[in-house]
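Please keep the sequence and the model side by side while reading.

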Amino acid sequence: MSKAVLTVIGTWLALVLAIALPALLPERWEYYMISPASVGLWMLSMLVGPVAVCWKLRSWIRTVPGDPQRLDR
């Protein structure tokens, strides 16, 4: 698999864990942690997060194992 695809899947996995873990908290905190606003922001981050992570890791994504280092980066 491509490094970019692995980066996107890893980002989505981290975001899914971030929305799922508050369910382990006491019930009185659940509304504050999983409010409609936080779910909306989470949905937005599912779209924007992978793009930001791929941009941040773009030099790692571009490298190919075994290729000599290019100086034009």
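## Basis of the description

Helices (H or I, at least four residues) and strands (E, at least two) are DSSP runs, numbered from the N terminus. This is a predicted model, in which local features need pLDDT of at least 70 and side-chain atom pairs count only at pLDDT 80 or more, whereas totals for chains, interfaces and linings use all residues. Residues are numbered from 1 along each chain as its sequence is written, and side-chain values use heavy atoms, with hydrogens and water left out.

Burial is judged by relative accessible area, where buried means under 20%, exposed over 50%, and partly exposed in between (1.4 Å probe, protein chains only). Threonine 7 has a relative accessibility of 8% and therefore counts as buried; threonine 11, at 12%, is buried because its value also falls in that class.

Leucine 6 belongs to helix H1, which covers residues 3-20, and its relative accessibility of 44% is why leucine 6 counts as partly exposed. Together with Met1, Val5 and Ile9, Leu6 makes a nonpolar surface patch of about 410 Å². Such patches are made of residues with over 30% relative accessible area and no salt bridge, like charges being joined within 9 Å and nonpolar side chains (Val, Leu, Ile, Met, Phe, Trp, Tyr) within 5 Å. The areas come from the Shrake-Rupley method with a 1.4 Å probe, and for residues only the protein chains shown count as cover; a salt bridge is a side-chain nitrogen of Lys or Arg within 4 Å of a carboxyl oxygen of Asp or Glu.

Leucine 17 is likewise found in helix H1 and is partly exposed, with a relative accessible area of 45%. From leucine 17 to leucine 41, 24 residues apart in sequence, the C-alpha to C-alpha distance is 15 Å.

Serine 38 is located in helix H3, residues 36-56, and is partly exposed at 21% relative accessible area. Its C-alpha atom is separated by 8.9 Å from that of isoleucine 19, a residue 19 positions apart along the chain.

Tyrosine 32 is in helix H2, residues 27-33, and is exposed at 66%.

## Charges over rings

A charge sits over a ring if NZ of Lys or CZ of Arg is within 6 Å of the ring centre and within 35 degrees of the ring normal. The charged end of lysine 3 sits over the ring of tryptophan 60, 4.9 Å from its centre, and that of arginine 58 is placed over the ring of tryptophan 55, 4.6 Å from its centre.
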